Amino acid sequence: MPRREIDLPYRIDYLSILDQDGNVDKDLEPDLDDDVLLKLHRAMLLGRRFDERMLRLQRQGRIGTFAPIKGQEASQLGPVANLRPDDWLVPAFRETAAMLWRGQPMEGILLLYGGYSEGGDLPGEVKNLPVAVPVGTQTLHAAGLAYASKYRDQDTVAMAFFGDGATSEGDFHEALNFAGVFQVPAIFVCQNNQWAISVPRAHQTRSKTLAQKALAYGLPGIQVDGNDILAMYVATREAVERARAGEGATLIEAVTYRMSVHTTADDPTRYRKDEEVEEWVARDPITRFQTYLKKKDLLSDDGLEELEEEIKDEIAEAVERAEKRMEEITDPLFMFDHMYADIPPYLQEQKEELARELGRGREYSAGKEAANG
Ligand SMILES: Cc1ncc(C[n+]2csc(CCOP(=O)(O)OP(=O)(O)O)c2C)c(N)n1
Ligand SMILES: [Mg+2]
């Protein structure tokens with residue numbers, strides 16, 4: 001019985017296609033239509049600008065705590081661009097750009113972060129799970145959804161997002177184990193943004209990569225430049241194709257950086273150096289993609305200016321709609337509107353009584369007459 005090495009395929013690729021100066025590796029460059037490239041760029045910019053707007057709204061006390069995505073636009077949009085509408089998006093709490101891409105209305109996201117659960121009321125066709133704050137729990141939901149898809153003989157996939165910190169949670173390991181054993185069509189996208197609040201990547205695990213954690217569960221793992229939208233797109237395309245073909249799940253580690261605060265309740269200057277942030281500013285996923293698009297003559301300075309204006313207006317309109325809705329919801333009379341499709345007489349009486357108490361009897365009956373008329 002000799003002691004011998006076990007034949008264990010142990011291979012982790014690192015994929016990068018577009019470098020930080022916008023130069024592309026021609027052999028690896030995906031053959032994407034111009035309109036797809038421009039749609040991706042618009043979504044990245046919208047994600048960034050919406051994030052900035054939300055940060056200002058939070059600072060003004062107009063919405064509550066949220067987790068900014070700045071710097072992680074490519075690692076979110078490359079993957080979701082491979083999903084069909086009938087696939088599942090299973091986010092953590094930092095996937096605003098992915099949620100928008102998947103048709104979640106901006107005003108709904110603002111309502112949610114304003115503390116109004118009404119924002120979770122998605123248009124019927126949008127298959128996005130709600131934000132998951134308990135770290136890592138959503139990986140299990142994705143494994144379960146993917147299992148359901150396989151059980152029903154469908155070719156839909158489930159894509160879960162989570163952070164580097166989540167890989168230290170038991171849920172993550174259970175999800176990967178389940179996905180491996182049952183060969184379910186799941187794609188696990190780990191956004192390794194180098195920090196879990198104030199815990200750096202080096203303190204999270206001694207593993208050289210996070211991608212290699214897939215190997216323990218018999219799944220393929222790949223490490224990708226998460227600030228390279230082309231590489232993220234290509235790596236996820238392979239994973240989605242494998243999943244649809246019945247070949248099981250994949251773990252993708254997107255090496256990226258959280259350029260902003262952990263959440264609006266955090267002050268990162270307490271635990272990380274400005275120089276580190278500056279290094280990553282040079283690797284910004286948006287500027288490098290813009291350089292690429294300009295080299296391809298798909299984007300000009302004027303075109304970019306126009307797009308910025310368009311996005312600014314789109315966001316301003318969403319903020320206006322969200323704040324109008326917040327006013328409606330905050331109206332105490334609103335609480336009667338969600339209990340029954342047809343309000344029973346005793347509640348109608350109570351609603352009218354409260355309206356009178358609030359000194360709004362006249363306004364309310366006028367509204368009612370208008371509604372009935
Ligand atoms: C189970 C659990 N433990 C702790 C927390 C508090 N918490 C919120 S976010 C976070 C760090 C998560 O880091 P990571 O997974 O890397 O995601 P990131 O925030 O960097 O996107 C922690 C510890 C939580 N929400 N849930
Ligand atoms: Mg993290």
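Entry one, salt bridges. I looked up Arg48 and found that it forms a salt bridge with Asp284, with the closest N and O atoms 3.1 Å apart; a salt bridge here is a side-chain nitrogen of Lys or Arg within 4 Å of a carboxyl oxygen of Asp or Glu. Arg48 lies in helix α1 (residues 34–59) and Asp284 in the loop between α9 (274–281) and α10 (285–295), so the pair ties together parts that are 236 residues apart in sequence. Helices (H or I, at least four residues) and strands (E, at least two) are DSSP runs, numbered from the N terminus. Both Arg48 and Asp284 are buried, where buried means under 20% relative accessible area, exposed over 50% and partly exposed in between, with a 1.4 Å probe and protein chains only.

A note on what I am reading: this is a predicted model, in which local features need pLDDT of at least 70 and side-chain atom pairs count only at pLDDT 80 or more, while totals for chains, interfaces and linings use all residues. Residues are numbered from 1 along each chain as its sequence is written, chains are lettered from A and ligands numbered from 1 in the order in which they are written, and side-chain values use heavy atoms, with hydrogens and water left out.

I next checked Arg62, whose side chain meets that of Glu323 in a salt bridge (2.9 Å, N to O). Arg62 lies in the loop between α1 and α2 (73–80) and Glu323 in helix α11 (residues 301–330), so this pair ties together parts that are 261 residues apart in sequence. Arg62 is partly exposed at 32% relative accessibility, and Glu323 is partly exposed at 26%. I counted 21 salt bridges by this rule.

Entry two, the metal. I found the magnesium ion (ligand 2) coordinated by Asp164 (OD), Asn193 (OD1) and Trp195 (O), at 2.1 Å; donors are N, O and S atoms within 2.8 Å of the metal (3.2 Å for Na, K and Ca), and water is not among the atoms, so sites may look incomplete. Asp164 lies in the loop between β3 and α6 and Asn193 in the loop between β4 and β5 (195–196), so the pair ties together parts that are 29 residues apart in sequence. I noted that Asp164 and Asn193 are both buried.

The buried residues of α6 are Asp171, Phe172, Ala175, Leu176, Ala179 and Gly180. Just after α6, I saw that Gln183 takes a positive phi of about 50°.
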